[in-house]
Amino acid sequence: MATVGNSTNIFWQESPIGRLERQKLLNQKGCVVWITGLSGSGKSTLAFSVNKELYSRGKLSYILDGDNLRHGLNKNLCFSAEDRTENIRRVGEVAKLFADAGLICIASLISPYRKDRDACRAMLPDSNFIEARLLVDARDPKGLYKLARAGKIKGFTGIDDPYEPPLNCEIEIKQKDGVCPTPNAMAGQVVSYLEEEGYLHF
């Protein structure tokens, strides 16, 4: 007897063309660069700068931006702790697929909870999850901090909702003498790491 919705009736289908073949075709190694930090710290700017630098080197990457994903894939989620966890889980699964396809996937999200980021790391084989923390003074280009401090936005990360920083991230981008690095300098730090760790060739 068939049971509708019974997940035990599905089976994994293995493709004859696998991750190694795709990486060889692209001459790069698939991975996930997970950019985390407070709202307004420059995560999207960094993601776009890294993407541009990789493109200039003939490397294929794709950005999963937190705000953009909430227009589609995650538009049915709010900002409760449970929905934030589901938001990150979904993005982690998509990022895993991009990495398996041989792309350098750049995920740019606040992702405030350490356990959720760690769960995404656990999805990737061979330590291909690279956590990059932006530790710079947050700007407020959208006026969100002002609204949160006025009590008009509830559950805002860094105001009345916690941000749990990484304990052992691969890349940490900091201000120097109170000055934030330029987007190109930040991107250079990330791309240099990818180069040194062998992701930009196969």
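Helices (H or I, at least four residues) and strands (E, at least two) are DSSP runs, numbered from the N terminus. All views show a predicted model.

**View 1. Asn128 in the loop between helix 5 and strand 4 (129-135).** With a relative accessibility of 8%, Asn128 counts as buried. A polar atom of the Asn128 side chain lies 3.2 Å from the backbone oxygen of Pro125. Beyond residues up to four places away in sequence, Asn128 touches Arg19, Gly30, Cys31, Val32 and Tyr199. Between Asn128 and Ala99, 29 residues apart in sequence, the C-alpha to C-alpha separation is 8.2 Å.

View 2. Buried residues of helix 4 include Asp83, Arg84, Ile88, Val91 and Ala99. Among the elements against which the buried residues of helix 4 pack are helix 1 (19-26), strand 1 (31-36) and helix 5 (114-123). Gly102, which follows helix 4, has a positive phi, near 100°.

**View 3. The salt bridge between Arg121 and Glu170.** The closest N and O atoms of Arg121 and Glu170 are 2.9 Å apart. This pair links distant parts of the chain, with Arg121 in helix 5 and Glu170 in the loop between helix 6 (144-149) and strand 5 (171-174). Arg117, Arg121, Glu131 and Glu170 are linked in a network of salt bridges.

**View 4. The salt bridge between Lys115 and Asp116.** The side chains of Lys115 and Asp116 meet at 3.0 Å, N to O. Lys115 is exposed, at 54% relative accessible area, whereas Asp116 is buried, at 7% relative accessibility.

Key. Residues are numbered from 1 along each chain as its sequence is written. This is a predicted model: local features need pLDDT of at least 70, side-chain atom pairs count only at pLDDT 80 or more; totals for chains, interfaces and linings use all residues. Side-chain values use heavy atoms; hydrogens and water are left out. Buried means under 20% relative accessible area, exposed over 50%, partly exposed in between (1.4 Å probe, protein chains only). Contact means heavy atoms within 4.5 Å. A polar contact is a pair of N or O atoms within 3.5 Å; within protein, one must be able to donate a hydrogen and the other to accept it, and residues adjacent in sequence count only if both atoms are side-chain atoms. A salt bridge is a side-chain nitrogen of Lys or Arg within 4 Å of a carboxyl oxygen of Asp or Glu.
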